[in-house]
Amino acid sequence: MAPMNVVVCVKQIPDPAEPGKLEADNTLDRSGKLILDESDSYGVEMALQLADAAGGGEVTLVSMAPNGETSGLRTALAMGAAKAILVSDDALSGAGALDTAKVLAAAIKRAEPDLVLAATESSDGYTGTVPEQVAALLGLTSVTFAKEVHIDGQAVKVQRQTELGYDEVEAELPALVSVTAGVVEPRYPSFKGIMAAKSKPVDQLTLSDLGIDAATVGSAGAGQEIVAVDDAPAREAGEIIEDDGEAFGKIVAYLENLKVI
Amino acid sequence: MALSRIWVYAEAADGKVAPITLEMLTKARELAGTVEAVYGDGDTDAVAEALGAHGATKLYATGDLQGHTPAVPVASAIAKLIEGGDAPDLILFGTTYEGRDVAARLSVALDKPVITNSTDIAVDGDAVVLTEPVFGGTKLVRTKFTTAGPNIALIRPKSFAAEESGGGAPEVVTIEVPDYGSAKVTNRHVEETSGPKLDEAAIVVSGGRGLGDAEKYKVIEDLAKALKGAPGASRAIVDAGWVPYSYQVGQTGKVVKPNVYIAAGISGATQHLVGMKGAKNIIAINKDAEAPIFSVADLGIVGDVHKVLPKLLEALQAR
């Protein structure tokens, strides 16, 4: 089989275990340490497996993050990706999904991939539109919400999640596929992998390197503006009790009171 | 000020229009003088009546897509209409598998942003303003479009109640599909489920990591069955492969608004809360008294799910 070059879009995000904060301009505070979005570890694993199955080829990571952040990229490089392209530019603060897609698409073009993989959505912004927008910008066909991916000659065969079950979908390569979590078991980076990742190439680019006019992306070109952030109406506090062995009775009584049993 | 015209991307399964489509049509009637639908499948006649009854006066239909996935054909067809001068102020899509794809493709074709995950729509002067819950629904962010229309927005299911307008069948206009793309469905698989659907059930019983392992999920299914409800799951146990993706409640999964939601062994990550905090009554069982799920619970039991659930099941089955 021919070697497969796979690009994986990865996002470096604030640790979801920490409470999120907004900046003064109401964008998400990304100033702390960023980590690899767990949703992206499935795409990285899938890419490594597909390149392996093809008998060779390279897995390249493409990411956009503020302040030249690479800690999340190092995690994915330690899993086995060969190299990374990172786009970092102050003008990208406030970038919307379409702006992000334009930047990623320009960076992906440089890697000339046979296949582009992405998560279905990020765990911080969760717009869920970026992969399809990247595909459209690159003129690629796309299959979203993949739960299984196989390469068969010049086609990619995908089991795609649907409301009622799943569809088998086929598309010509090159293509973009977005994968759901749980499709494969992401490997843990080995010690050797972590050491090797430190010296793997990370190509750091700015908007001008990509030939993108800063005025067309970021808050300057997003075409949307946050007008207000308010506290949501809170639910009234409920009754919280310790189980004394009989708490199930409380639940039964509660359901009876609602007349649902 | 109201908008002049809104388009709603319509979806259906087996000839039955999706609830999200009817919800968006209902809201659109409040905001615009004219509401029209766009449909990307062959069974136009089957869906036309319901769309008309909810306020669509015109139905733009692509006809059968011959097995192609809808993103490329439907987005290219809408873009072509708009280039031809037939443009609305706002196009609404549901946050569904197909809705997100078509909206994203269209945004590139029109070079316009998409505002996503919206739970409310308002018109302020000339601008369309969308509300999006963030941080587990504790904060509401309102975002307005600053570009000229057509604006594109993705709406979360169950944000509005669907109501009929009493409208008749819409005028059907066949639209040209300039590009079908290469992605084709070769086979469809329908997972057999018994009982009510997760996003339609009056009672939902969901399990999370606190159950310990995959085999323990059975008690969740048994409880759901005893209550004539649907079983659900947190993202953690879907990612771990205990249950299929279709069970997932939350940001990434289904939005549910049942009468009763029972969360067992679920800590209440923001991603889960967004999908279920609209439930009328919430019961939570978790061993950690500090778990965020208790902040939205009407009845919270701090205890071991392995002790509470079997007793609860026994009591329900004995009735």
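This tour moves through the two chains of a predicted model, stop by stop.

Residues are numbered from 1 along each chain as its sequence is written, and chains are lettered from A, with ligands numbered from 1, in the order in which they are written. Because the model is predicted, local features need pLDDT of at least 70 and side-chain atom pairs count only at pLDDT 80 or more, while totals for chains, interfaces and linings use all residues.

**Stop 1: chain A as a whole**

Select chain A. Its C-alpha atoms fill a box of roughly 65 × 45 × 40 Å along the principal axes. Chain A contains 6 helices and 13 strands; helices (H or I, at least four residues) and strands (E, at least two) are DSSP runs, numbered from the N terminus. Of its 261 residues, 50% count as buried. A residue is buried if 20 or more other C-beta atoms lie within 10 Å of its own, exposed if 12 or fewer, and partly exposed in between, with C-beta atoms placed from the backbone. Contacts are defined by C-beta atoms, placed from the backbone, that lie within 7 Å of each other. Among contacts in chain A between residues at least 6 apart in sequence, 72% join residues at least 24 apart.

**Stop 2: G94(A)**

Next select G94(A), in the loop between β5 (83–87) and α3 (97–111) of chain A. G94(A) counts as partly exposed because it has 19 C-beta neighbours inside 10 Å. Leaving aside residues up to four places away in sequence, G94(A) touches D25(A), T27(A), G218(A), S219(A) and A222(A). For a distance to display, take A196(A): G94(A) and A196(A) are 102 residues apart in sequence and 34 Å apart in space, C-alpha to C-alpha.

**Stop 3: a cis peptide bond in chain A**

Proceed to L173(A) and P174(A), which are joined by a cis peptide bond with omega of about -5 degrees. P174(A) is placed in the loop between β9 and β10 (175–179) of chain A.

**Stop 4: where the chains meet**

Display both chains. The contact takes 73 residues from chain B and 62 residues from chain A. On the side of chain B that touches chain A, the largest share, 9 residues, comes from helix α4 (residues 97–110) of chain B. That side of chain B has 35 nonpolar, 21 polar and 17 charged residues. Here Ala, Val, Leu, Ile, Met, Phe, Trp, Tyr, Cys and Pro count as nonpolar, Asp, Glu, Lys and Arg as charged, and the others, Gly among them, as polar.

Strands also pair across the two chains. Strand β9 (residues 165–172) of chain A and strand β13 (residues 184–190) of chain B pair in the antiparallel sense over 6 bridges; two strands pair if DSSP finds at least two bridges between them. Select D167(A) to find R188(B) of β13(B) standing opposite.

**Stop 5: a sheet with strands from both chains**

Which strands make up the open sheet of 4 strands? Their order is β12(A)-β10(B)-β9(B)-β8(B), with antiparallel pairing. At the edges, each pairing on one side only, are β12 (224–231) of chain A and β8 (120–124) of chain B. The twist averages 25 degrees from one strand to the next; axes are lines fitted to C-alpha atoms, for helices over the stretch in contact, and angles run from 0 to 180 degrees between N-to-C directions.

Within this sheet, 6 bridges join the antiparallel strands β9 (residues 127–134) and β10 (residues 139–145) of chain B. L130(B) stands opposite T143(B) in β10(B).

**Stop 6: two helices of chain B**

Select helix α5 (residues 218–226) and helix α8 (residues 305–317) of chain B, which pack at an angle of about 25 degrees with their axes 10 Å apart. That angle makes α5(B) roughly parallel to α8(B); angles under 35 degrees count as roughly parallel, over 145 as roughly antiparallel, 65 to 115 as roughly perpendicular and the rest as oblique. The contact is made by V219(B), D222(B), L223(B) and A226(B) of α5(B), together with L309(B), P310(B), L312(B), L313(B), L316(B) and Q317(B) of α8(B). These contact residues divide into 8 nonpolar, 1 polar and 1 charged.

**Stop 7: backbone features of chain B**

Finally, select D14(B), in the loop between β2 (12–13) and β3 (16–17) of chain B. Its phi is near 50 degrees, a positive value in a residue other than glycine. D14(B) is exposed, with 8 other C-beta atoms within 10 Å.

Notes
Two residues are in contact if their C-beta atoms, placed from the backbone, lie within 7 Å.
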